[in-house]
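The sequence and the model are shown first.

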Amino acid sequence: MNRLNRITLLFGAEAIKKLQQSKVMVVGCGAVGSFAIEALARSGIGHIIIMDFDKVEESNINRQLFALDSSLGKQKVEIAKSRIHDINPNIKVDAINAFFDDDIVLDIKPDWVIDAIDTVPSKIALYKWCFKNNVPFISSMGAARKTDITKIKIAKISKTAMCPLASKIRHIVRDLKMKDFPVVYSEEHAMPQQNGGREFGSVITVTGSFGLILADYVIKKLIS
């Protein structure tokens, strides 16, 4: 039986053909991006481009799909590529071990981009690249310090509320006169930190949900 049989029964053969002919880029292979990549691979996307510059650390294991005891110290994009091919060896995978900034040069044109980056300058650089190259995209806002998955929403960046990261992005986007775009965000009040450290706490149920919602949005757009 075909590995895409159940999703074919749901969406139909023509929709699956569209997915297999689609090219999706995910920037950021961490807590949010790893789940988006997993969903794309298991849903029949034919060409997946993954980008991240980081290596797997032990502190990633609580929430990142590619973080395992066996993958510690390895490049996230290489672990991601191997896992995608283990799901479906027919998927074309471009693994780019790089940091996304204003100086990056990419000779690619994906059908959709998923932003799972956790730093503001890189997110803005990606938005600029997508607008310049006329590539539709959806962006993840802040999933850290949240625990209630029922508060996760999709909206245009201009319509977001309660999310500090979205607020910061919203002001930058307005100042740069960028067009509106969809984001996944949470309307939950951020939980207080259990210590005074600079790292934010996060849980897989929330970060994973963010990633799956991002992928779901793109999949539905591709087959619509």
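**Helix packing and salt bridges**

In helix 2 (residues 13–20), the residues Ala-15, Ile-16 and Leu-19 are buried (under 20% relative accessible area, with exposed meaning over 50% and partly exposed in between; 1.4 Å probe, protein chains only). Helices (H or I, at least four residues) and strands (E, at least two) are DSSP runs, numbered from the N terminus.

This is a predicted model, in which local features need pLDDT of at least 70 and side-chain atom pairs count only at pLDDT 80 or more, while totals for chains, interfaces and linings use all residues. Residues are numbered from 1 along each chain as its sequence is written, and side-chain values use heavy atoms, with hydrogens and water left out.

**Helix 2**

- Seen down the axis of helix 2, its buried residues fall within an arc of 100° and so line one face of the helix; the arc is that of the directions from the helix axis to the C-beta atoms.
- These buried residues pack against helix 1 (5–11) and helix 7 (204–223), contact being heavy atoms within 4.5 Å.
- Exposed Ala-13 and Glu-14 lie on the face turned away from the buried side of helix 2.

**Salt bridges**

- The count comes to six salt bridges, each a side-chain nitrogen of Lys or Arg within 4 Å of a carboxyl oxygen of Asp or Glu.
- Asp-115 forms a salt bridge with Lys-123, with the closest N and O atoms 2.8 Å apart.
- Asp-115 counts as buried at 0% relative accessibility, and Lys-123 counts as buried at 0%.
- Asp-175 and Arg-174 meet in a salt bridge (3.8 Å, N to O); both residues are exposed.
- Glu-38, Arg-42 and Arg-83 are linked in a network of salt bridges.
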